[in-house]
Structure formats: structure tokens, C-alpha cells
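The following exercises are intended for a reader who meets this structure for the first time. Please work through each task before turning to its solution.

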Amino acid sequence: MRKSTIAFLLLLFFTNIQAQNRNPLPTNAQLKWHKNNYYFFMHFGPNTFTGKEWGDGKEKTEVFNPTQLNTDQWCKVAKESGAKGIIITAKHHDGFCLWPSKYSTHTVRESGFNRDILAELSASCKKAGLLFGVYLSPWDRNHPDYGTEKYNDVFVNMLQEIFQQYGPIWELWWDGANGEGPNGKLQVYDWKRYEQLVRKLSPQTIIFSDIGPDARWVGNESGYAGKTNWNLLDTAGFKRGHGAPSQDTLGTGNYKGASYIPAEVDVSIRPGWFHRNGENEKVKTADQLFKIYLESVGRGANLLLNVPPDARGLIHENDIIALKGLKAKIEQIELKDLFKNAALNEAGPDKNNPKKTSTWYYMLKAPAVIRGIVLEEDLKYGQKIASATISLSLNGEQVYQEAITTIGNKRIILLPNSVQATELSIVINEAKGLPILKRAKAF
């Protein structure tokens, strides 16, 4: 009895140690999501015509009447901007549906426009080779059943319509907004039921919200992720909307998070989320957008850039100019690889320095002018790197050094000034297990 008890206790002890050291891994769908790390958000609906950010659900459906709607134009702009897909606000808080839902009387069907925008955009995305996603607000300031158990049936039926009629749906975007409906009541959302339905209808769909389960909100709408950004998050005891983790936690994740839930950065190209003519001269510049790209994609997050169609149903010319400028700047990073032909030496843990777990050393035959460095982890084995030192040298003499924390899907290090260098060293100071780094790039 004693021996078996001791054996059991030892087994329990080592099981607990393993559990503490366990590093959650991404699903195949999440790995694919990481690869498509920049795409469009498109806020479109009655607010486009009323100038509101949050409609009250009392808007007449006739107000929605785009005169030149062309979803092919949206996809052309997205494609030419380097974006990998589009997520459309199928239903915002005002309850207006961009498809003729059987479960609402506040839709494109009742408007004078009477065209199925989800069908058109889904087809345009397929034609252009873009991913298609939907934002579906659970809050509904128009539906008479909102605030009752019947509304959970309504929302489930709407989800079913969208997934069965307009799929495949790459990403489903939920925020936790929960305000009063037309009857003055709040709704108790049946999130578990919603998730189960989506998993049943489309297991590969990425579900976004404050707490995932597949991707998380970054905690701000300003366009940046934390300099330390773990793809891990603890969600026990938290919920969507009020009751979500703190903004700091959402921005950085949790070092020992129990679930793999990477961050997505949502930000608008304009001051508002819906198009207003008064903001046509306030579109973010290519330089501002590039800074956002560096602080989102360049910190391991995905970038969801809002590009709202105007009242014509087109992406405005000013937005297109800024987006083309952004694409040119991204290409300077993506299409250059100054270390492509460099000699590479890899070393494992240093026995004389336990903090120095792994080193990658690149050497060029001739000096190159370097503006920045791109690092990527192989995330199918989990995110592991917690601290690293990056050094550039010219013929053995150090010309630049920077200490960083996480790397994750992608870490873009932009130098303050260009330097000439012949060597790059990447020293991993702390990692959760053996770090696996993809070949470094320089531009």
C-alpha cells in the first residue's frame, strides 16, 4: 500500500509539473489565421447615411440607399492594398441586416435598395481570392424580441442563415456590446449555444471576441499591440464585454496563459468607423498606417484595418491613395531579404551561461545597408521566446543592439537609422522550452 501510495503521489507531482510547463499550441485554423495577418474591416449600414456611430434602431430602412454599390471595387482595393480578406458588419447595434434575414423586418429587403450585400460580397471575395468574414453584433436596438429568451433563438437563426447561405466564413467577429433594446430590456446572451452552433456549422471559422475562443481583442482601438505580446490568455472567470480581462492584459496576453488566443488589432483608417464626408480629409496617411502595421503585425498580432464604404457604396478615393502608400511600404519589408544568402551558424544552449539558451549568427560576404530586421517563430510548436538580444556588427564591430521580449508570429524591428552591417546575431535569453526560430530577414 505504501509503495503504491508513494508511486501515486510521485505520478501526481510530475503530472502537476507537466501541467505547469505545458505550452498551449495553436489549431490548424489559427496557424492559417496567423499567415493572413492583414485584412479589411468594413463598417457599412444606415449609419453611413445618418452620420451616427451607433444607430438607435429607429432609422427608417429607406435611409439605406447606396447609389453605386460595387463589392468588386471593395475587393479590388483590398487586393491591391495587400489585404488578405474582408470582414463586413452584417448587423451592427442598430439591428439593420445587410442580408434579407427571415428573422428581422429591419433589413435590405425593407429598404428601397433591396439587394443582398452579403451575397454580393461573398461572391466578390471568392472571385478575387479573398477571405470573407462577418461581424454580427448580438446587441439589437430594433428587434422586438431583444431582452427575452426568444431573441437567443433569433440570433442563432441569423447565424445559421449566414453560415449556410454565404460561407465559407473565415472569421466571425463578436464584440460584447450589451445595451437596452426597444423594450428597454437587456439581453442575457447564450454565448455557449452560439459557439456550439458555429463549431457545428463551420469548425474552421475563427471566432473573435474579448476572450476568443480563437482570437482576442487587443484591448484598444488605436492600432497597436503590446511590445510584449503572448498568444496565450487566461479566460477563467472572465466574459465578453463588461467583465473582460483588463486592457493591459488583452494587449500583452499571459505568459503562462491556459489557452492559445492570439491578439487582433482593430483600428479605422478614419476618425470614425462609418464613412462621413466630413472626414475625407482626415484619412490616416500612409506613414501613419505603416506605423500601425509595425505596431500590430510587427508585434505578432493580426491587423484588422477598417476601410468603410461611402454613401455611394464605394471605397473613397482618399482612402485608396493612403492604402496604396501603405502597400508600397509593406513591400519594402516583405520583398527584401538582405540575409537571404548569408552564412548561418546555429548554437544551442550555452553550458557556461544558462541564460543564453540559443543563438543564431548570420554573416554576409559584403556589407549591406540595413533598416530593419524581421523575426518569426515556428508557432506550430507554440510560442516560446520570452527575451532576446539582437545585435548587428560591421566586420566584427557592433553597430547596433536591441533587447526585445516576445517574437511570436512576426517581430519587425525598425532601426532608428540605417546602418552598414556584415553580421547579425540573435541571442535567446529566455524561452519556454527549445525555441524554434524561422530564418531571419533584413531589409
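**Exercise 1.** How many strands close into a barrel, and in what order?

*Solution.* The model is predicted. Step one is to follow the pairing from strand to strand: 8 strands close into a barrel, and the order is S1-S2-S3-S4-S5-S6-S9-S10. Step two concerns the sense of the pairing, which is parallel. Step three is the twist, which averages 25° from one strand to the next.

**Exercise 2.** Describe how strand S1 and strand S10 pair, and state which helix packs there.

*Solution.* Begin with the two strands: S1 covers residues 38–42 and S10 covers residues 302–306. They pair in the parallel sense over 4 bridges. Within this pairing, Phe40 of the chain stands opposite Leu305 in S10. Next, consider the helix: H10 packs on the sheet and touches both S1 and S10. The direction of H10 makes about 165° with that of S1.

**Exercise 3.** Classify the aromatic pair of Phe41 and Trp273, and explain what it ties together.

*Solution.* A pair of aromatic rings is described by the distance of the centres and the angle of the planes. The count for this model comes to 24 aromatic pairs. For Phe41 and Trp273, the distance is 6.0 Å centre to centre, and the angle between the planes is 80°. Planes over 60 degrees apart count as edge-to-face, so the pair of Phe41 and Trp273 is edge-to-face. Finally, locate the partners: Phe41 lies in strand S1, whereas Trp273 lies in the loop between strand S9 (263–268) and helix H9 (286–296). The pair therefore ties together parts that are 232 residues apart in sequence.

**Exercise 4.** What is the volume of the largest pocket, and which residues are closest to its centre?

*Solution.* The largest pocket holds about 510 Å³ of space. Its lining consists of 23 residues, of which Trp54, His93, Asp175, Ala177 and Glu221 are the closest to the centre. Sorting the lining of the largest pocket by type gives 11 nonpolar, 7 polar and 5 charged residues.

**Exercise 5.** Characterise the second largest pocket, and state which helix supplies the largest share of its lining.

*Solution.* The volume of the second largest pocket is about 440 Å³. This pocket is lined by 23 residues, and those closest to its centre are His34, Lys35, Asn37, Asn409 and Lys410. Helix H2 (28–35) and helix H10 (317–334) each supply at least two residues of the lining. The largest share, 4 residues, comes from H10. By type, the lining of the second largest pocket divides into 7 nonpolar, 4 polar and 12 charged residues.

Conventions
Residues numbered from 1 in each chain as written. Predicted model: local features only at pLDDT ≥ 70, side-chain atom pairs only at ≥ 80, totals over all residues. Heavy atoms only, no water. 1 Å grid on protein atoms, 1.4 Å probe; cavity = no way out; pocket = protein on both sides within 12 Å on 5 of 7 lines; lining within 4 Å. Points joined across faces, edges and corners; volume = space filled by probe spheres on them. Nonpolar A, V, L, I, M, F, W, Y, C, P; charged D, E, K, R; others polar. Pairing = 2+ DSSP bridges. Axes fitted to C-alpha atoms, helices over the stretch in contact; angles between N-to-C directions. Contact = heavy atoms within 4.5 Å. Phe/Tyr/Trp six-rings, centres within 6.5 Å; stacked < 30°, edge-to-face > 60°.
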